[in-house]
Amino acid sequence: MPETPALTRNLLDYIDASPTPFHAVAEARRRLSAHSFTPLDERDAWVLEAGARHTVVRHDSSLVAFALGSQPPAEAGFLLIGAHTDSPNLRLKPRAELNRHGCRQFAVEVYGGALLHTWLDRDLSLAGRAFVAGAEEPRLLRVGRPLCRVPSLAIHLDREVNDRGLVLHRQNHLPPLVGLGEGEGWLQGLLAAELGVAPDAILGWDLMLHDTVAPCVSGLDGEFIHAPRLDNLASCHAALEALVAAAPARPAPTLVVALYDHEEVGSQSAEGAGSAFLWGLLERLVRATGGSAEDVHRALAHSLFVSADMAHGVHPNYADLHEPQHAPKLGGGPVIKINTNQRYATNAATALRFERAARAAQVPVQRFVMRSDLPCGSTIGPITAARLGVATVDVGNPMLSMHSIRELASSQDQAAMVATLTALFAGR
Ligand code: ZN
């Protein structure tokens, strides 16, 4: 097998460093800081120097990064790329200790549209953030080692399962086994040991589960990526790579990357795409660079938003579920998503903008339309378009096993998406 390209390795490292949206944001900020993007606090008054590059984080799980353009936003607008930091998973309930039949278990809720059966028989671990006494900022936490498992039921106790189909009850069948024993306080004890503090110093947390198996490259020629959370950390990664590549040349428009939490549950939160986070930030950018109230609207009228979220590649075992003329192939390049009922925000004009950038990057483009007899999914594109009133195109790389604990995409497509978004940011 050929050597893994640096970009693929870089993507796998980003995914591995990001078991939760909190980690995805922290890792994005760490990577951008190496390219002179410094943190900006929403609570401060902003004065922005020419060429300023900053990151703004809201509630630890959404991030906006920007690089001011060589022209004021009112003259050259914003070029924006959006993606999301969250993925479907199992999350701990507030009273998370469950003691049943001699087993210690986590009480869990399902976050988003998880493909539940893929969570069975995996080496799971725990990650998230914790609030500790005496510290204002939460601590990131990652146990790392295999810690728990949702064991499947032996076939001898359900002989028809392969023919009838597996039905998992969300309340009864999903609590993972964490240990043997009884009593209370074992979760607090685990967190205290991980964070190196006393158990009563842990005041609160947001914790979730993830697969401990590392992302990898596979296929005859290393053409596949097997990884958790490709939807949508692969798009977050592509947006960050494009920003870092394009910012040094200081193109005329102001470059913006918005990585949102809560897409998988509808984006309606204080830090989700349905919030005023991005709108407020763009307004502040115009004002902090000397623009007027009217300049805010002029800037938005000049702007383009690229909503990057993974797309459904054609599955060779289920090809009839795809629209025959709009079935994107793995390795066939980035996909433009179109839906006449505005489940995607793309129109002919915005599609052309994306295609032009792909052509400049010498990358092929595919188109996705859902079958007319199947309901179409959606993403942050239409939500952001409605919120900002900005011309928007929905795009994404083709993948399989979407919302599985371990998904599949093509490494070639990641390079193509990075090249296209970089060309777009560079004004090509
Ligand atoms: Zn997604």
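View 1. Strand β4 (residues 78-84) and strand β13 (residues 254-260) are parallel partners, joined over seven bridges. Strands here are DSSP runs of type E with at least two residues, helices are runs of H or I with at least four residues, and both are numbered from the N terminus. Two strands count as paired when DSSP finds at least two bridges between them. Look for L80, whose bridge partner in β13 is V256. This is a predicted model, where local features need pLDDT of at least 70 and side-chain atom pairs count only at pLDDT 80 or more, while totals for chains, interfaces and linings use all residues. Residues are numbered from 1 along each chain as its sequence is written, and side-chain values use heavy atoms, with hydrogens and water left out.

View 2. Follow its nine strands in the order β1-β2-β3-β13-β4-β14-β18-β16-β17. At the edges stand β1 (38-39) and β17 (366-368); each has a single partner strand, so one side of each is left without a neighbour in the sheet. As a reminder, strands of a sheet pair through backbone hydrogen bonds, either parallel or antiparallel.

**View 3. A second open sheet has five strands.** Their order is β11-β12-β20-β19-β15, again with mixed pairing. The edge strands, β11 (216-218) and β15 (311-312), each pair on one side only. Inside this sheet, β12 (residues 224-227) and β20 (residues 407-410) pair in the antiparallel sense over four bridges. Here you can find H226 opposite L408 in β20.

View 4. The contact (heavy atoms within 4.5 Å) takes 24 residues from domain 1 and 24 residues from domain 2. Between them the domains bury about 1,700 Å², with 58% of it on carbon and sulfur atoms; buried area is the accessible area (1.4 Å probe) that two parts lose on being put together, summed over both. On the side of domain 1, F22, H23 and I405 lose the most area to domain 2, together 34% of what that side buries.

**View 5. Charged and polar partners link the domains.** There are two salt bridges between domain 1 and domain 2, where a salt bridge is a side-chain nitrogen of Lys or Arg within 4 Å of a carboxyl oxygen of Asp or Glu. Eight residue pairs are in polar contact across the interface, both residues at pLDDT 80 or more. A polar contact is a pair of N or O atoms within 3.5 Å; within protein, one must be able to donate a hydrogen and the other to accept it, and residues adjacent in sequence count only if both atoms are side-chain atoms. Helix α2 (residues 21-33) gives the largest share of the side of domain 1 that touches domain 2, four residues.

**View 6. Two backbone details are worth a visit.** A cis peptide bond joins D231 and N232, with omega about 15°, and N232 is found in helix α6 (residues 230-246). D60, although not a glycine, has a positive phi of about 70°; D60 lies in the loop between β2 (53-58) and β3 (62-67).
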